[in-house]
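Below, several labels used for a structure are set against their definitions.

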Amino acid sequence: MPLSPNLRGALFMIVAMVGFTLNDAITKFSSESMNMAQVMLVRGAFASLFIGLLAWRRGTLANPAAMLQPMVAMRVAGEAGATVSFLIALAHLPIGNVSAVMQALPLAVTMGAALVFGEGVGWRRWTAIAAGFVGVLIIVRPGFEGFSVYSLVALASVACCAVRDLSTRRIPEAIPTLLVSTATALAMTVLGALLLSPMGGWTPMSGRATALLALAAVLVLIGYQFIIMAMRSGDISFIAPFRYTALLWSILLGLVIFGDVPDLPMIVGAGIIIGSGLYALYRERVVGRQQPAAESAGPDMAPDGI
C-alpha cells in the first residue's frame, strides 16, 4: 500500500536528519585527531568538489559573479560564523547537548523575522519563543555547576544560523540555489585554510580519516536531497516537526560512539525547546501562513559548511 504524501515526506525528513546527524558524529570523531580548521578544510574541499560538479552539470555556474550579490555574501558570512562556532562547540560538548541548543533555531529565525523584517508574530508565538530560550538557559546553566563556555559558543551558532537563514530569504530568486551552495562550500574551504595555522597547523591524515570526512560531505548532500524531497512531498505543518528527530539521533550516537549520557537539565531543556517549537509550528498552521519557524525545517537547519 503506497504511503500518503505526508507520511512519505515525514520519512524523507527522518532520513535527512539521520544524514545530518551522522555527519556531525563523524565531524566530532575527526576532531579528536585534528583541529577543526583542518576538518573544515578537508570536508569543505570534498563538498566543493561534489557540489561544484553537480552545479556544473546543471548549468548553474554560467554567472559566477552572482556569488558576490550582497545577500549571498551575507548568507556566506552567517554560515561562516555558524560553522566555526558549531564545530568548536561540537569538539568540546556532547553531541546531544549541541543538537539540543540548535533546536532553538526556528524560534530564533521567527524572532529575527519579526524584529528585522517586521513580520507579524502574535503574543502566543512570542511566548513560545521566550519559553524556548528558557529551555536553552536550562541546558546552558549559566552560573551553575556544569556550565561550559562552549554552550554559549553553540548559542552563538544559533544566532549566526538565524542571520544566514534570514539573508537566504532575501536572495533574488534568479540566483540558483546550487550556485549559492557552491559559493558557501568554497568559502568554508578557504576559511578552513586561513584558520589552519592559528588553530594548530596541519596534522598528517590516514586514508581512513580522509575517507571519513569525504563520507561526511556525502552525508550532508544526502541530507539536503532528502529534506528537499520532504518539503515537496506533503504539508509542511505535518512534516516540519519531524526535524526534531535529529535530537534523538544525536543522543543515541553520543551514547553509542562517545559514551555521553544526557543529564536531567539537558533532557528538561530540550523538552521545553521542542515543545515551544512545536507550538510555534501549530500557531503558524492556525493562522494559515507559512512563517519562519516552518521554513527553518528546510536545508539550512544547522551549519554544515555547505
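Q: Why is Trp249 called partly exposed?
A: Buried means under 20% relative accessible area and exposed over 50%, with partly exposed in between (1.4 Å probe, protein chains only). Trp249 has a relative accessible area of 31%, so Trp249 is partly exposed. The model is predicted: local features need pLDDT of at least 70, side-chain atom pairs count only at pLDDT 80 or more, and totals for chains, interfaces and linings use all residues. Residues are numbered from 1 along each chain as its sequence is written, and side-chain values use heavy atoms, with hydrogens and water left out.

Q: What makes the contact of Glu79 with Arg164 a salt bridge?
A: The term requires a side-chain nitrogen of Lys or Arg within 4 Å of a carboxyl oxygen of Asp or Glu. For Glu79 and Arg164 the closest N and O atoms are 2.8 Å apart. Glu79 lies in helix α3 and Arg164 in helix α7, so the pair ties together parts that are 85 residues apart in sequence.

Q: Why is Glu79 called buried?
A: Its relative accessible area is 0%, so Glu79 falls in the buried class. Arg164 is also buried, at 1%.

Q: Why is α5 called oblique to α7?
A: Helix α5 (residues 105-117) and helix α7 (residues 149-168) pack at about 55°, with their axes 9 Å apart. That makes α5 oblique to α7, because angles under 35 degrees count as roughly parallel, over 145 as roughly antiparallel, 65 to 115 as roughly perpendicular and the rest as oblique.

How values were computed:
Axes are lines fitted to C-alpha atoms, for helices over the stretch in contact, and angles run from 0 to 180 degrees between N-to-C directions. Helices (H or I, at least four residues) and strands (E, at least two) are DSSP runs, numbered from the N terminus.
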